[in-house]
Each structure stands twice: as structure tokens, then as C-alpha cells.
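Hi,

Here's the structure I promised to pass on. Have a look at it first, then read my notes below.

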Amino acid sequence: TVSKALIDLFTSTGIGGHAEITNATSTTMSLPDGNYTMRANIAGINIGLTDISGTGYTNTTGVLAITGDVTVTITLPTLRTVSGTVKDASAVPVPEAWVDLSNPTTGVHFGAKSGSDGTFSLKVADSASSYFINAMKPGYFRQPTSLTVDGSNQTGQILTIASASTTIGGTITAGGAVAANAFVRADKQGGGFSGTQADANGVYS
């Protein structure tokens with residue numbers, strides 16, 4: 001069972017559709033016969049061509065040839081839980097911080113917000129290569145750290161974010177007009193980032 005998966009099936013001419021699996025293991029789509037490129041998207045998991053199998057499916061191209069009813073199986077890797085709490089320098093839980101998790105080797109990059117008590121929980125694929133984990137909230141800063149998720153859950157993580165010591169401000173415009181509510185992210189050379197959202201006038205700080 002997955003909390004959410006998005007399945008795309010489209011021909012080279014754009015015919016096709018999407019299906020969503022929510023807290024379930026399967027779904028059904030109705031499509032005319034033809035050759036469809038298939039993609040499966042699940043947050044935190046890199047679904048490769050060889051992770052998909054079924055009659056009419058070619059795992060070197062990702063194309064599914066539909067000629068009548070077909071059943072396709074997507075094999076998921078072992079999933080692990082990464083959970084913990086985002087805190088400030090005084091060890092006070094920080095609510096609604098964005099927890100960012102990425103794996104440069106697999107290309108996985110996703111995240112979630114911490115809850116009202118600063119806690120977070122993510123499901124990721126077991127991996128011999130390290131992930132990078134970070135937390136971001138306007139007015140705070142943190143260096144990304146390496147996290148190994150290889151053979152076990154990684155619970156009790158404490159992500160400490162410090163008050164940002166530098167302020168960057170300005171106005172976001174697009175085509176000569178202000179870009180209301182645009183997201184702004186500042187990356188520090190060598191690692192670490194902070195971010196915020198512009199107001200209705202495109203002003204950020």
C-alpha cells in the first residue's frame with residue numbers, strides 16, 4: 001500500500017490519461033488500444049523502467065502496448081521511515097518547517113512540512129547511497145547533513161535550525177509586473193539554504 005502514487009500513460013500524440021492511487025495497492029484506467037509510455041511517480045521513490053512489468057510492457061523503453069485488457073505490476077523497493085523533530089537553537093520545536101530530503105545518486109528529491117509540534121515523518125527507499133536532509137523556514141538557516149538509510153529506519157532525527165544572521169530583501173517581478181506570492185530561495189555556497197514567500201506586492205525579506 002502506498003499513501004499516494006501517480007500513474008501516467010500517454011501515446012506519442014498525447015492520447016492517454018492519469019490515475020491516482022491513494023492508500024491502496026491498485027487502480028484501473030480505461031484507454032483505447034495503442035502504444036503508451038508509462039511513468040509511475042511516488043514521492044521518495046525512484047521508479048525505474050525495470051521496476052515495471054506486465055504483458056505488452058517493454059522494460060527497455062517504458063512503452064506499454066495495449067491490445068485489450070492488461071495488468072501491469074510496479075515493484076516497490078523496501079521502504080524505510082525517516083522521522084524526527086525540527087528545533088531551534090534553544091531546542092524549541094519549530095512548526096511548519098520544510099524538511100527536504102534528496103539523494104543525488106538516485107535523483108530522488110522531495111519533502112514535507114513539520115507538524116504543529118515540529119515533528120515530521122517521511123517514507124524513503126532503502127538505499128546504500130546517502131541521502132541529504134535539511135530543514136528550512138523563513139528567518140532560519142541550516143547546513144544539509146548526510147543521512148544513511150540502508151537496512152533500517154532512521155527515527156528520532158533532530159534537525160536544529162539557527163536564526164539567519166543576514167537579511168536579503170527585494171521585489172520579484174515577471175514581465176514587468178510584480179509576482180505575488182512567489183517563492184524565494186537563497187543557497188549558500190558550500191551548502192545550506194533559506195527561503196521565504198513574497199507578499200501580494202512581490203516583496204520578500
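Predicted model: local features only at pLDDT ≥ 70, side-chain atom pairs only at ≥ 80, totals over all residues.

Strand 3 (residues 34–41) and strand 6 (residues 63–66) run antiparallel to one another and are joined by four bridges. They belong to an open sheet of five strands, ordered 2-1-3-6-5, with antiparallel pairing. In case you're wondering what holds a sheet together, strands pair through backbone hydrogen bonds.

The largest pocket has a volume of about 700 Å³. It is lined by 26 residues, and the closest to its centre are Thr-27, Thr-28, Met-38, Thr-71 and Val-72. Which strand gives the largest share of that lining? That's strand 1, with four residues. By class, the lining of this pocket has 16 nonpolar, eight polar and two charged residues.

The second largest pocket comes in at about 430 Å³. Of its 20 lining residues, Ala-164, Thr-166, Ile-168, Ala-186 and Ser-194 are the closest to the centre. Here the lining splits into nine nonpolar, eight polar and three charged residues.

One last stop: Ser-102, in strand 9 (residues 98–103). Is Ser-102 buried or exposed? Its relative accessible area is 16%, so it counts as buried, the cut-off being under 20%. Leaving aside residues up to four places away in sequence, Ser-102 touches Val-108, His-109, Ser-130, Tyr-131 and Phe-132.

Cheers

Conventions: Residues numbered from 1 in each chain as written. Heavy atoms only, no water. Helix = DSSP H or I, 4+ residues; strand = E, 2+ residues; numbered from the N terminus. Buried < 20%, exposed > 50% of the residue type's maximum accessible area, 1.4 Å probe, protein only. Contact = heavy atoms within 4.5 Å. Pairing = 2+ DSSP bridges. 1 Å grid on protein atoms, 1.4 Å probe; cavity = no way out; pocket = protein on both sides within 12 Å on 5 of 7 lines; lining within 4 Å. Points joined across faces, edges and corners; volume = space filled by probe spheres on them. Nonpolar A, V, L, I, M, F, W, Y, C, P; charged D, E, K, R; others polar.
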